[in-house]
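Here is a structure to read with a few questions in hand.

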Amino acid sequence: MMDALETDQIVARLKAIVVTVEPEVAFIAKYGGTLVESVPGQPKSQFCGIFAYTNHVSLEFTNGTLLDDPEKLLEGEGKHRRHIKLASLSDIAGKRCEDFLRQARDLQTDLP
């Protein structure tokens, strides 16, 4: 079980990376977590979400099946979404979160 401080630190760091990747994002509280819109006020522009659970923080990608993931870091079996489970701050770099966020943002701008 992660402590609340570590969970908050992981969430805060992920949000900081998101803003680095896409400075004009909107963070939307929904479904018990935070959805990220690349175009504020446009739900169809959501490219990721951040959700805190008891044992990890999940970084979820709307079009995760389209992300380049040669190391097979992404988890999930759904039709479109994929996620990464983060149990420590070091997982953010170790699991290439910034790279995946950049890919997800770029995909979102390329989709109709």
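**Cavity, cysteines and core**

The model is predicted. By class, 4 nonpolar and 5 polar residues line the largest cavity, with no charged residues.

Reader: Which element gives the most to the lining of the largest cavity?

Author: The lining consists of Gln46, Phe47, Thr62, Asn63, Gly64, Leu67, Ala104, Leu107 and Gln108. With 3 residues, the most comes from α3.

Reader: How much space lies in the largest cavity?

Author: The structure holds 1 cavity of 30 Å³ or more. The space in the largest cavity is about 30 Å³.

Reader: How many disulfides does the count come to?

Author: A disulfide needs two cysteine sulfur atoms within 2.5 Å. For Cys48, the closest cysteine sulfur is in Cys97, 10 Å away, so the gap is too far for a bond. Cys48 is buried at 2% relative accessible area, and Cys97 is buried at 0%. The count of disulfides is 0.

Reader: Which element supplies the largest share of the largest nonpolar core?

Author: This core has 25 residues, and those touching the most other members include Leu14, Phe47, Cys48 and Leu86. At least two residues each come from α1 (4–21), β3 (46–52), β4 (57–61), β5 (82–86) and α3 (97–110). The largest share, 6 residues, comes from α1.

Methods:
Residues numbered from 1 in each chain as written. Predicted model: local features only at pLDDT ≥ 70, side-chain atom pairs only at ≥ 80, totals over all residues. Heavy atoms only, no water. Buried < 20%, exposed > 50% of the residue type's maximum accessible area, 1.4 Å probe, protein only. Core = buried A, V, L, I, M, F, W, Y, C linked by side-chain atoms within 4.5 Å. Helix = DSSP H or I, 4+ residues; strand = E, 2+ residues; numbered from the N terminus. 1 Å grid on protein atoms, 1.4 Å probe; cavity = no way out; pocket = protein on both sides within 12 Å on 5 of 7 lines; lining within 4 Å. Points joined across faces, edges and corners; volume = space filled by probe spheres on them. Nonpolar A, V, L, I, M, F, W, Y, C, P; charged D, E, K, R; others polar.
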